[in-house]
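Hello,

Here is the structure I promised to pass on.

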Amino acid sequence: MLNEFLYAKIHRATVTEACLDYVGSITIDKTLLDSVCLKENQKVEILNINNGERFSTYIIEGKANSGIICLNGAAARKVQVKDKIIIVAYALLNQEEQKTFKPKIAHVDENNKLINL
C-alpha cells in the first residue's frame, strides 16, 4: 500500500512578484529548489499564510540566489507581493519507505535566503 507523505517544504517564503500575464506556475529560486530536492515542472501546493488560500501549481526554476518567489498566471490572483507562503510537495511511499523517510524542510528569511534545513 502507498500513502501520501510530506516530501519537501519551503517554510514562510515571501512572495516577491505576481505576474498575471503568464501561462501559469510558480517561479522559485534554484538554490531553494536544490535545498529541498524539488524539480522544475514538479507539482506543489501553495499555502498562503496571509489569506488562507490553498492551491496547486507547478514549478519553474528561477535564477539561483535571486530570492525569487513569483506566482504566475491565475495563481497571481491568489497572492499579493510580500505575502508569506508555504510551498509543499508530497510523495507516495510504501510501508518500508515510511519507516525511515524524512522530509526536506527549508526555513527562509524575509529575503528568501536559507536560514536552516
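This is a predicted model: local features need pLDDT of at least 70, side-chain atom pairs count only at pLDDT 80 or more; totals for chains, interfaces and linings use all residues.

Residues are numbered from 1 along each chain as its sequence is written, and side-chain values use heavy atoms, with hydrogens and water left out.

Let's start with Thr 14, which belongs to strand β1 (residues 2-14); helices (H or I, at least four residues) and strands (E, at least two) are DSSP runs, numbered from the N terminus. Thr 14 is buried, at a relative accessible area of 9%. Buried means under 20% relative accessible area, exposed over 50%, and partly exposed in between (1.4 Å probe, protein chains only).

Among the residues that Thr 14 touches are Ile 69, Lys 82, Asp 109 and Asn 112, leaving aside residues up to four places away in sequence; contact here means heavy atoms within 4.5 Å.

Lys 82, one of those partners, sits in the loop between β6 (69-72) and β7 (84-94). Lys 82 is exposed, because its relative accessibility is 65%. Its phi is positive, about 85 degrees, although Lys 82 is not a glycine.

Asn 41 also has a positive phi, near 75 degrees, and is a residue other than glycine. You will find Asn 41 in the loop between α1 (30-35) and β4 (43-48), and with 57% relative accessibility it counts as exposed.

Enjoy exploring,
Your colleague
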